[in-house]
Every structure is written in C-alpha cells, then in structure tokens.
Amino acid sequence: MKRISLLGLSTFAALLLSNCSNEDMVEKTAAQGDAVVTATIDGSNARVNIAEESGNFSWSKEDNIGVYTTNNTFSTFTLRGDGGKGHGDFDGSFGEYESTLCAVYPANGSHSVSDKTLTFHMAESYKWAEGNANVPMVASIKDNGSTSYYFTHLGGAFRFIVTNWPAGAAKVVFTTSSKITGDFTVDLSQAEPYAIATSEESQNKSNSVTITFSDAVIIPNAEGDVEKTFYIPVPTGEYKGYEFEIQDAAGTILNKYVSVATNEVKRRVFLNIPKITFTSVEGSITADASSADDLNNLLNPTSTASAPTAITLTGEATKVNSISIPATYTSTSTGAGEGTAKPLSLVFDKVPVVASGSNKVEIRETSSSTSAPAQTSASVIEIAIPEKESDKTVPSFDIELPANTVALSANGTTATYDEVTATTAMNTLIVNKGVTVKKLIVKGGNVEIKGTVNELIIESNNTTTNSVKVIEEGLCEAYQNNGKNVAYKHIWDGISKREPKKKGDTYQIYAAAELAWFQGEKESTAKGNVKATMDADAQLFNDIDLDDKPWMGIVLGAGKTFDGQNHTISKLRVEEYSLDEDSKATKKACAGLFSTTLAGSTVKDVKLENVNIEVEAKWCGALIGHSYSGTVSGCKVKNATIGKATSTTDPTHYSYRMGGLIGYVDCVSDVAISGCDVEGATITGAYALGGLLGTTMWAYNVTVSGCNVKFITLTLDQAALKHIASVASNGPYAPYIGYNGMMVGSVQQENGKKLTFDKCVVGASITDDIRQQWLCSELTDDLGRTFIGGNSWIGRVGGKDLPSGNTQIILQGGCTEGGNSVDKTFVKGVDYNAYSDSATGSGKTEGYTSTDAKWAN
C-alpha cells in the first residue's frame with residue numbers, strides 16, 4: 001500500500017486524509033482454486049490516478065493482502081499491475097470452498113481470526129520501498145463469499161524525511177515508550193470503523209520497529225544530497241517521545257534523532273515530522289524540545305552517552321531568557337581527552353523571543369570550567385535561527401562559552417542577528433554563510449566570518465583575540481579594534497565571487513570575494529579591444545589575502561579609478577595570461593593584478609605583498625600587465641617573483657616586457673607614475689626587464705617621480721639566450737634579448753620626447769659582475785654583450801630617428817643610484833644603448849655589423 005503525499009506541512013501536525021467517493025463494488029462468489037478479489041481503500045479516489053498533492057492512499061506494485069476464511073485458513077493475494085490507484089485487483093488462490101471472514105493489510109502469517117475476533121500482528125521489521133507506509137488496514141466481509149473488499153485503517157504512522165545520511169547506513173530503528181509491535185485485538189462484531197490502540201510497556205518490549213534497506217537506496221539526488229522518506233506504522237494512541245536511529249548492518253548507531261514531545265496518533269492520521277538533517281558527526285543524536293523543561297531534560301540526561309548532539313527548539317522552548325550548557329558539552333574531562341566533549345546544535349524553529357528581563361538570549365556554561373578563552377576548543381556549539389518575519393524583532397545573544405567553538409548559523413537560507421556579544425575558545429567564533437550580524441562585540445577568542453557582519457568591535461578589555469578572518473563570501477563592513485594588535489584579514493578561497501555594493505557610482509569593496517568578482521577571462525582580440533571587467537570607479541576598504549589561489553587579472557575600464565586606500569593585497573598568484581593577442585607573433589600576453597588598464601584610467605594607493613606571476617607570456621607586472629593608464633600613484637610592491645623561463649626555443653613563446661610594477665606602458669601621452677616602490681623583486685624573461693617598468697612604448701612625456709627600486713634581480717631566460725646563438729646574426733629576433741634596467745627595461749620613443757625621473761632612487765647599480773651573469777656560454781663575449789646590454793636606469797632606448805637625435809632622458813630633483821646623486825641628462829651611446837628602426841633597418845642594432853659585432857660605444 002502506497003502513501004503518496006501529505007496535506008500541508010506543520011510541525012508535528014496531525015494530517016487527516018480526506019474521504020473521497022468510492023467505486024461501486026463488484027460482487028463475486030468465492031470458489032475453490034484461483035480467484036480474483038477487488039480491494040478498495042477508504043479515503044481513496046478510485047476514478048483517477050492519485051496525484052502527489054492529493055494526500056490519498058493508493059496501492060503499490062507487488063502489494064499483498066491476506067484473506068481469512070471461516071476455518072481460519074489464510075490466503076495471500078498479490079496486486080496486478082503497477083498500482084497507483086486506491087482500488088485494484090489482486091490475484092491469489094482459495095483452498096476448499098469456504099466463507100471469507102476478513103482481509104488484512106499488510107499480509108503476514110502472524111495474523112489470526114477466531115469467532116469474529118481478529119488478532120492483528122504489527123511486524124517488528126519491514127523492508128523499505130519508495131512511498132510504502134505499511135499502515136495497518138482491515139476489510140470486514142459482511143456478505144459471506146464476497147470478493148470485493150473495502151479496507152479501513154486501524155492505525156496511523158509517523159512520517160520522516162531524512163537528509164545527510166552517514167556512510168554505511170543499512171537500517172532505521174524507531175523506538176518509543178509504548179507498544180507498537182506484536183499482537184493487537186480487533187472485534188469484528190462491532191460497528192466500523194475499527195482501530196487498534198497502543199499501550200504502555202513497562203519493560204520496553206514490543207516498542208521498536210526496524211526498516212532495512214540496501215546500499216543502492218542511499219544515493220545522492222540531483223543536488224548531491226540523499227533525501228529519503230520513511231513511514232513508521234503505529235497503532236492509535238498517545239506517544240511520549242521517540243528515538244529514530246540510523247544503524248549500520250552490525251547494529252552500530254551512526255546517528256540518532258530524539259524527541260521528548262508527546263504526540264497523539266489517530267486512525268488514518270500521519271504525524272509529519274520536520275525534515276531531519278543529521279550532522280556529519282558519526283554517532284550524533286538529534287532531538288526536539290517544545291518547552292524549557294524538555295530542553296533541560298535533554299541537556300541533562302541520566303547518561304552522557306544519550307546526550308543529544310542536535311536539539312530543535314519549538315513552541316514554548318523558543319521563548320527563553322537563558323540556556324545553560326552543561327559540562328557534557330563544555331568540559332574535556334568528561335570525554336576521552338582534549339577536544340572530546342560532545343558537540344551541540346541548538347536549532348530554533350522560530351525566531352527566539354526573550355521571555356522577560358534582559359533583551360538578549362543568554363547562552364552560558366552551567367558551571368564555568370575556564371574563565372579565559374581555552375587555547376583548544378572542547379567542542380563546537382552551533383546556534384541556528386530562522387530569518388525573522390517582517391513584523392518581528394531581530395534577536396540578540398550574549399554568549400559566554402570560553403571552552404567552545406561557537407557557530408552562528410541560519411535555520412534556512414538566511415538569518416539576521418541583532419547584537420551578539422561573545423566569548424569563545426581561541427578557535428573560534430564562526431559567523432556562517434547566510435548569517436547577518438548587525439553588531440558583533442568580541443570579548444574573547446578569535447573570529448571567522450563567512451557571512452556578513454555590519455559592525456565588529458574588539459572590546460576594550462579583550463586581551464586574547466589575535467585574529468579576525470573574513471573568508472569565502474564573508475563580509476565585514478566596519479571594524480574597530482580599540483588599539484588591539486589583531487591580525488584582520490579577508491582571505492579568498494579561490495572560488496567565491498560576489499558583486500560589491502555601490503555608493504553613488506563607486507563600487508565599495510570590503511571582501512576578497514568582492515574583489516574577485518572583477519576578475520577577467522581569457523580573450524582573443526587586439527590589445528586595445530579587451531573588455532572592461534571593472535567598469536566603474538572602485539574603492540578598497542580592507543586588506544585582502546588572495547591566499548595564493550590562481551587569479552585572472554582585472555581589466556580596468558577607460559577613465560575609471562581604482563583606489564586601494566593604502567590597503568594591502570597579499571599572496572597574489574597568477575598562473576595564466578589573459579590575452580591571446582590577434583595577429584602577433586607572440587600571442588600570449590597580460591598578467592598582473594590588473595591584466596590591462598584602459599585609456600585614461602587611474603590606479604592609486606595599492607600595496608602588494610608576496611606576489612607570484614609565473615606565466616610564459618609577454619607584458620607582465622605585479623600591479624599591471626599592460627597599461628594605458630594616465631596615472632599610477634602611491635602603489636607599492638614587496639617580495640615579487642615575475643616571469644618564467646620559456647619551455648621552448650620558439651621565440652614566439654618568450655616572456656618579455658616584464659616590470660616589478662608594470663610590464664608594458666603603451667601609447668599614452670603625459671603619463672604620470674609617482675610615489676611607487678618595488679622592493680625585493682626577481683624578474684625573469686628574454687628582454688626588456690625593469691625593476692619598476694618593463695617597457696614604455698610610444699608613451700610620450702612620461703614622468704616617473706618619487707619612485708624607488710631596491711633588491712631587484714633581473715634574470716635572463718637561458719633558453720632564449722641559447723636560441724640567439726642558433727640564428728643568423730641579423731635575424732629577426734636578434735635584438736630581442738637582454739636590455740635590462742633596474743628602473744626601466746626599454747624605452748621606445750620619438751626623437752625629442754621626454755622620459756623624466758624626478759627624486760627617484762635605484763638601490764644598487766648594474767655592475768660588470770651582474771652583466772657577466774647575463775652572458776651565454778654559447779655566445780662570444782662580444783656578441784653576447786652586443787645583445788644583452790643593460791643599465792642601472794634604462795636597458796635600451798629605441799625609436800624613430802634616434803641615431804641623428806636624442807630622446808630626452810632626464811634625472812633630476814635628487815635622483816640617487818647606490819646612494820650617489822645622479823642628476824643629469826642621459827647621453828645616447830654612453831648612458832643607454834640605442835636601437836633605431838628607421839636608420840639601420842628592422843632587426844638590427846645601432847653600430848652593429850656582422851664583422852665588428854660591437855656597440856658604437
């Protein structure tokens with residue numbers, strides 16, 4: 001017999017099945033041998049298929065009914081077809097001619113009939129089948145010999161929906177204080193409807209039902225979870241609590257749900273139990289409490305082993321002033337060692353209401369085992385509330401659990417807490433995803449935020465908190481540490497992304513997931529046609545830890561400003577370039593925090609620490625890979641590794657135009673780069689390597705002011721060097737090796753345009769020893785020096801008409817190199833190497849011939 005659905009959803013609500021009209025009975029006479037009987041269920045609709053929401057019973061495939069006759073013989077009849085209706089034909093066989101007395105469901109050989117008295121046996125175990133409730137029914141046959149039976153219900157059932165199944169689950173065991181199995185008496189001489197009733201069992205006999213199932217039953221649904229419905233058939237009567245256990249094949253309890261509530265089951269009534277989601281902790285015990293007494297009894301059982309690990313608070317239990325958590329959950333001395341106290345989830349099914357007095361729900365240890373936050377948590381205590389209704393007050397909590405990790409959670413998708421004051425173990429107070437805390441006051445212990453905290457305050461007397469982490473999609477909008485030394489970080493998980501809110505037209509970025517929302521995707525287009533991913537101004541309000549998770553660079557829109565507000569972005573790791581540049585020999589391009597910044601954009605006041613950009617591509621910089629920005633100011637880079645030696649001798653794979661700050665400054669007039677520093681950078685590539693900038697290309701009148709570089713290591717790609725030895729001396733790639741500058745790798749300028757350094761500092765000069773390290777053993781010294789070149793400020797200058805004129809490269813305002821003042825205007829052939837497209841032809845260097853193989857200087 002199949003129970004398709006229930007009417008409505010209410011906590012522990014009794015669901016009464018509707019009465020519908022029935023098909024006319026078809027009369028048949030019993031005879032010896034094969035026979036067909038017709039059976040109809042009360043409350044079923046026999047004219048249509050039973051819909052999921054109808055709430056009616058229907059027969060299931062392979063259902064069996066038992067028929068008893070006057071000489072107390074028993075015959076089993078099996079449903080024809082797949083069922084799905086409230087009536088059906090059943091095939092079976094009678095013995096010698098006899099009169100029928102009654103029919104029963106479900107069929108089993110333990111029922112018996114004697115002189116109008118039916119002894120109905122409620123089985124101790126059932127095999128699970130989808131939708132099968134096994135609810136007890138009887139059909140009393142008034143017309144002797146009839147084979148049309150009308151079944152009425154003798155009892156009801158509990159209905160459970162269970163998710164998050166533990167591994168190894170093989171059976172469900174339902175236990176209550178009342179008799180639910182064994183023999184029950186039905187007087188068939190009385191008027192219908194009949195019913196069987198439970199009774200108290202003093203020795204807990206006949207009070208347990210087992211439902212078994214195969215491993216194949218417990219398989220994930222489309223969302224990756226396992227959700228199954230179980231019906232526990234029971235007699236009518238009052239049930240004072242129950243236990244719902246999940247066991248493995250050997251009978252070991254994997255999880256348990258405990259209820260102390262009193263419920264009444266009536267005939268044809270199902271108790272719809274709220275969905276049970278077991279914790280991932282093996283051996284967990286789940287319970288519910290509808291009053292303060294229920295809650296107290298559950299938290300303080302006679303045996304620690306029976307203490308629940310999850311309690312759902314319903315009804316009056318949600319109206320509380322305080323909850324005391326006993327040592328079972330807070331003291332490691334009750335367990336096998338450190339961290340072995342029981343975990344506990346307190347789940348409110350309604351928004352809690354303070355009964356009287358304080359405006360906060362207090363949750364505290366029954367007797368404090370520690371006054372200061374414990375270094376190691378005894379266990380996790382979770383508090384979960386539903387989202388408030390529009391006319392309800394948001395609840396506040398005062399939590400004093402210094403021995404425990406405490407998790408604030410949502411019973412549902414979201415939940416809002418007003419003010420939470422908390423002392424927890426050092427590890428940790430957790431604000432889970434979907435939770436919003438309007439104001440969080442931390443008195444002790446560390447904090448981990450996965451949800452949203454509008455305002456977080458480290459209490460002035462708090463001397464223990466040393467870490468506040470905002471992770472995943474977490475958000476902390478305002479933070480006050482009252483002068484305490486607390487590491488406050490927003491850490492990216494490499495996955496989470498969330499669009500930040502705007503103030504006016506400006507994005508307000510508070511979290512790592514919000515910065516990650518602007519990441520770009522790899523494009524195949526011309527360099528100036530990339531699509532902006534940050535298409536409005538943006539401000540950064542917190543330090544961000546990208547945690548070495550792979551990053552795809554942001555594309556800052558034309559005319560837009562990114563203001564880091566002097567916050568630090570750390571552990572940036574770029575493993576993939578962002579642009580396959582159309583129609584170019586080297587297509588792989590653009591890597592950095594910003595892969596590209598478009599025309600007229602501004603980047604300011606960003607700090608970068610511990611940067612790793614290991615891509616085999618051109619145009620790479622810690623801050624910007626490829627820049628059309630007019631202004632870059634106040635940006636700092638510390639400890640960066642940029643570039644990667646090529647894995648091939650194919651020159652189209654070389655990494656080049658690599659800078660500690662910016663890889664490639666392109667086609668912009670009046671560029672201002674100011675107040676930017678690079679400290680501790682190792683840059684690897686084939687050519688145009690610079691401690692600050694890799695290349696400025698037709699960027700006219702560039703001013704670099706107040707910028708400092710120190711502890712810079714420029715490493716030439718040895719595979720590229722070796723390749724140079726294998727090509728003709730004036731081959732097309734001959735010029736494209738080397739040209740290293742501690743400040744700028746290469747400058748491509750028109751005659752008369754200026755590159756000005758004002759009040760800039762190069763920490764150390766490029767020495768002959770450094771140049772010697774750049775030589776390739778497969779090249780002669782002269783040829784090697786020809787291509788490699790290098791200068792403390794600029795590696796090479798190229799452009800139009802340079803041999804006959806000078807681009808102006810000016811050091812002024814107290815520039816220093818290695819501690820020495822170097823205010824001057826650079827002279828071509830003395831202070832930098834020169835290369836001209838127009839004078840000597842493409843692919844050649846000024847002063848170089850195949851016979852001389854030397855620079856003009």
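Thr 428 lies in the loop between strand S31 (415–424) and strand S32 (429–431), where strands are DSSP runs of E with at least two residues, numbered from the N terminus. The peptide bond that joins Asn 427 to Thr 428 is cis, with omega at about 5°. The structure is a predicted model, in which local features need pLDDT of at least 70 and side-chain atom pairs count only at pLDDT 80 or more, whereas totals for chains, interfaces and linings use all residues. Residues are numbered from 1 along each chain as its sequence is written, and side-chain values use heavy atoms, with hydrogens and water left out. Another cis peptide bond is found between Tyr 105 and Pro 106, with omega at about -5°, and Pro 106 belongs to the loop that runs between strand S8 (100–105) and strand S9 (112–114).

With a disulfide taken as a pair of cysteine sulfur atoms within 2.5 Å, a search of the whole structure returns zero disulfides. Cys 620 accordingly takes part in no disulfide, and the nearest cysteine sulfur, belonging to Cys 590, is 8.1 Å away. Cys 620 is counted as buried, at 0% relative accessibility, and Cys 102 is buried with a relative accessible area of 0%.

Strand pairing, which requires that DSSP find at least two bridges between two strands, can be followed through S52, S56 and S60. Strand S52 (residues 602–613) and strand S56 (residues 636–642) run parallel and are joined by six bridges; within this pairing, Glu 609 has Lys 638 of S56 as its bridge partner. S56 is in turn joined by six bridges to strand S60 (residues 677–685), and these strands also run parallel. In the latter pairing, the bridge partner of Ala 640 is Ala 681, a residue of S60.

Definitions and conventions:
Helices (H or I, at least four residues) and strands (E, at least two) are DSSP runs, numbered from the N terminus. Buried means under 20% relative accessible area, exposed over 50%, partly exposed in between (1.4 Å probe, protein chains only).
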